[in-house]
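Visitor: Could you take me through this structure slowly, one question at a time?

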Amino acid sequence: MVVEGQWEKREVLDVTASLEDRTVLVVGRGSGIARAVVLAARAQGARVVVAGRDAEALEAAYEDSGVTAEYLDVTDDATVEELARRLERVDHVVSTVSARARGRLEELDRASLLRSFDTKVVGPIMLAKAFAGRIPDGGSLTLFSGVAAFKPAVGYLGVATTNGAADFLARSLALEMAPVRVNAISPGVVDTGIWDSLGEDGKRAYFENLRARNPARRIGSVDDIAGAVLFAMTNPFLTGVTLRVDGGEPLT
Ligand SMILES: NC(=O)c1ccc[n+]([C@@H]2O[C@H](COP(=O)([O-])OP(=O)(O)OC[C@H]3O[C@@H](n4cnc5c(N)ncnc54)[C@H](OP(=O)(O)O)[C@@H]3O)[C@@H](O)[C@H]2O)c1
């Protein structure tokens with residue numbers, strides 16, 4: 001599609017059409033929210049490259065010739081640069097990576113905080129740097145923040161500050177990478193396995209409590225979140241925002 005601006009005619013990605021024949025890179029694991037994003041993008045006709053620390057497991061997670069798996073560790077710049085070189089051009093990049101540092105203040109240590117920040121903030125910055133010139137105008141980068149950034153709670157200091165940084169990062173990158181669009185998604189609580197550490201009873205009680213209090217009266221599903229990612233990828237006027245898909249949890 002050719003767009004006639006005030007000064008120039010530019011070739012821009014016709015993202016409103018669909019994801020048909022577009023290439024979408026989804027970074028993360030082969031399950032949870034990342035998987036729902038992959039399946040949603042495939043349903044819209046995109047070719048998907050999934051990338052993460054276990055390429056074999058990723059490959060096995062999708063029996064689909066439209067999904068190819070690549071190795072990537074976002075804390076290792078060489079792997080980020082190598083993947084960018086190999087893929088050459090990608091229309092949309094989605095980073096779901098996370099290594100959360102949970103715990104109360106007295107339980108936190110420097111190593112886990114740095115790992116969390118390195119994974120969810122510095123990693124996506126290096127991903128943005130490597131892919132910036134390979135995403136066409138109007139294409140997108142979607143990052144992940146999280147509800148803890150918008151509703152501080154005891155025991156979630158590390159998670160809140162990391163997700164808060166990811167929220168700011170989306171706005172800064174939207175300016176730096178324009179006219180590539182950059183947004184973040186902030187999920188509320190979704191049962192992807194990350195709450196299993198609470199134990200079966202603890203998880204049930206936690207979910208019941210959230211369900212009873214939040215305005216949506218439910219726990220999120222991976223498809224709720226994937227729908228928001230698709231919207232961020234395909235709405236050509238959306239950039240520099242964090243979409244809070246959290247059932248209104250921060251209002252409670
Ligand atoms: N589920 C929720 O309730 C919830 C709530 C708020 C925010 N979020 C956010 O939503 C996103 C997806 O969440 P999720 O629950 O589906 O799964 P998740 O477990 O948070 O997924 C993140 C994945 O990132 C991968 N990863 C970690 N370090 C990496 C690295 N250095 N390089 C490449 N990959 C790396 C890990 O996969 P491997 O171990 O396979 O490498 C990990 O499973 C995350 O950003 C999460 O923080 C989720």
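The questions below turn to the ligand and then to a pair of helices.

Guide: This is a predicted model, in which local features need pLDDT of at least 70 and side-chain atom pairs count only at pLDDT 80 or more, while totals for chains, interfaces and linings use all residues. Residues are numbered from 1 along each chain as its sequence is written, and side-chain values use heavy atoms, with hydrogens and water left out.

Visitor: How many residues surround the ligand?
Guide: A residue is near a molecule if one of its heavy atoms lies within 4 Å of it. The closest are Arg-53, Asp-73, Arg-100, Lys-120 and Thr-192, and the number of residues surrounding the ligand is 24.

Visitor: How far from an oxygen atom of the ligand is the polar backbone atom of Val-190?
Guide: The pair is a polar contact, meaning N or O atoms within 3.5 Å. A backbone N or O atom of Thr-96 also lies 2.8 Å from an oxygen atom of the ligand, and for Val-190 the distance is 2.8 Å.

Visitor: At what angle do H4 and H5 pack?
Guide: Helices here are DSSP runs (H or I, at least four residues), numbered from the N terminus, and H5 covers residues 157-177. Axes are lines fitted to C-alpha atoms over the stretch in contact, with angles running from 0 to 180 degrees between N-to-C directions. Angles under 35 degrees count as roughly parallel, and H4 and H5 are therefore roughly parallel to each other. Their axes lie 10 Å apart, and the angle is about 10°.

Note on methods:
A polar contact is a pair of N or O atoms within 3.5 Å; within protein, one must be able to donate a hydrogen and the other to accept it, and residues adjacent in sequence count only if both atoms are side-chain atoms. Helices (H or I, at least four residues) and strands (E, at least two) are DSSP runs, numbered from the N terminus. Angles under 35 degrees count as roughly parallel, over 145 as roughly antiparallel, 65 to 115 as roughly perpendicular and the rest as oblique.
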